[in-house]
Amino acid sequence: MDTNLAIVILAAGQGTRMKSAMPKVLHPLAGVPILGHVLATAQAMDAAHVITVVRHERDRVAALVGTDLPASIVVDQDETPGTGRAVEMAITALPDDFAGEVLVVNGDVPLLDAATLTAFVAAHRDDAASGTVMSFEPSDVTGYGRIVRGEGGGFDRIVEEKDATDAERAITEANAGVYVFGVNELRDQLANVTSANAQGEQYLTDVIALLREAGSEVAAVPVAEPWLVAGINDRAQLSEAALKLNALIVRGWQLAGVTIDDPATTWIDLRARLAPDVTLKPGTQILGATDVETGATIGPDTTLVDCEIGAGATVKRTDATLAVIGAGASVGPFAYLRAGTRLGADGKIGTFVETKNAVIGDGSKVPHLSYVGDATIGEGANIGAGTIVANYDGVNKARTEVGSHVRTGAHGVFVAPVRIGDGAYTGAGTVVRKDVPAGALAITVAQQRNLEGWVAEHRADTAADHAARASHDTDG
């Protein structure tokens, strides 16, 4: 633990530009809330103290903090707006004897990693500065405060764009909004920050100016890549951050031995796990805590959410959530696996099949055009095309049990609750309303009747009638 480091995370803002009922910092990015990324970075830095400042939708934001980083102290910002006021309230939560550095980061800057911040704090300490500001060079510097340096290249001041001269506006180095201060100097100068400005806010940047006026050393340390400090204020910026983060995630898995045919159309959440020799085809999304074992092939055009995929399995053009697919199993194309689906090793869920809360044993197959819900199927069974498990009576749902090595005919209906015993067969079109003993054949087909001349009598002078008459003439 770095006993001389405290981290303050600013997460009190409303984020109005997101135009959302959800707090900005709770919007997901690679399966993790924006603020969750920042909390994970703070945890990785192992600081002695982490303080998260909240205000807008404070209970929802505080709940995330409590889940992701329980060690963080949650501080509520009062009615006085501004980053300076937020930090002022945060440091009141520090122990009185804390004499180290305070790193201030924003809860809406999710891509800034622990290694970059650790190097930033180290540079501050090496410079023996009272305060250090992180800088960067954005592709478009418009709107950012400029970093003005002196003749020797050292930090001089931050000038906001509205106050800048033409020469200062031409500066390409900008303030990234990340700072580290000695806690004592920070306390002293925050007491001098006022809200006497057009917005009526207490700005943290004023501390930098006050330190300079007091003759204290202030440094500016540039970050290597602008995207590291990209903040998220609207959904367009959220999309840009997602694109960059996903590219990094995809490349990481490629370097770890995963074949990804089309990185541009493949999306992988941070919590997903992929084994070496997994292949992801174009249009694939591996979301949530999905786990894919070695040799499996996923896609094309497949979405997996919180699924477990066994070694050597194939999942093609499928939408699956909270499903478990056994080793060597085959799913799809055009399958829909809902929560609770468990397919055994070497099993098959085929084309246009929907499953829900269904346990399908090793080697069993549901190949075509079927719905299997609230059911257990044993090993080595084959479910005929067009089978429907009728699990709902309009009030309650009941369960169907199909034994091992059962063979069911096409277009069957199993009316739950019902059990089909091991080794049993059902005929095509059978409606199973009562249990079928092991080894039995169940049929409900009535004797076929052919009503000769029905078309001529009831559909006279139609194309069917003409065809039938022509056929009779030829046969005759």
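Visitor: Over how many bridges do strand E36 and E38 pair in the parallel sense?
Guide: This is a predicted model, in which local features need pLDDT of at least 70, side-chain atom pairs count only at pLDDT 80 or more, and totals for chains, interfaces and linings use all residues. Residues are numbered from 1 along each chain as its sequence is written, and side-chain values use heavy atoms, with hydrogens and water left out. Strands (E, at least two residues) and helices (H or I, at least four) are DSSP runs numbered from the N terminus, and two strands pair if DSSP finds at least two bridges between them. Strand E36 covers residues 425-426, and its parallel pairing with E38 runs over 2 bridges.

Visitor: Which residue in E38 stands opposite Tyr-425?
Guide: Tyr-425 belongs to E36, residues 425-426. Its opposite residue in E38 is Leu-441.

Visitor: Which strands stand at the edges of the sheet, and why is one side of each left without a neighbour?
Guide: The open sheet has 3 strands in the order E33-E36-E38, with parallel pairing. Each edge strand has a single partner strand, so one of its sides has no neighbour in the sheet; these are E33 (407-408) and E38 (441-442).

Visitor: How far apart do the C-alpha centres of domain 1 and domain 2 lie?
Guide: Domain 1 spans 2-229 and domain 2 spans 317-442, with bounds from an automatic or database domain assignment. Their C-alpha centres are separated by 56 Å.

Visitor: Which elements give two or more residues to the lining of the largest cavity?
Guide: A cavity is a set of points on a 1 Å grid over the protein atoms alone where a 1.4 Å probe fits but cannot get out, and lining residues have an atom within 4 Å of a point. The lining consists of Val-38, Thr-41, Val-105, Asn-106, Val-109, Leu-112 and Leu-117. Two or more of the lining residues come from each of helix H1 (34-45) and strand E6 (101-106).

Visitor: Which residue forms a salt bridge with Arg-146?
Guide: A salt bridge is a side-chain nitrogen of Lys or Arg within 4 Å of a carboxyl oxygen of Asp or Glu, and the structure holds 23 of them. Arg-146 lies in strand E8 (residues 146-149), and its partner, 15 residues away, is in the loop between strand E9 (155-159) and helix H5 (166-169). With the closest N and O atoms 3.1 Å apart, the partner of Arg-146 is Glu-161.

Notes: On a 1 Å grid over the protein atoms alone, a cavity is a set of points where a 1.4 Å probe fits but cannot get out, and a pocket is an open set with protein on both sides within 12 Å along at least five of seven lines; lining residues have an atom within 4 Å of a point.
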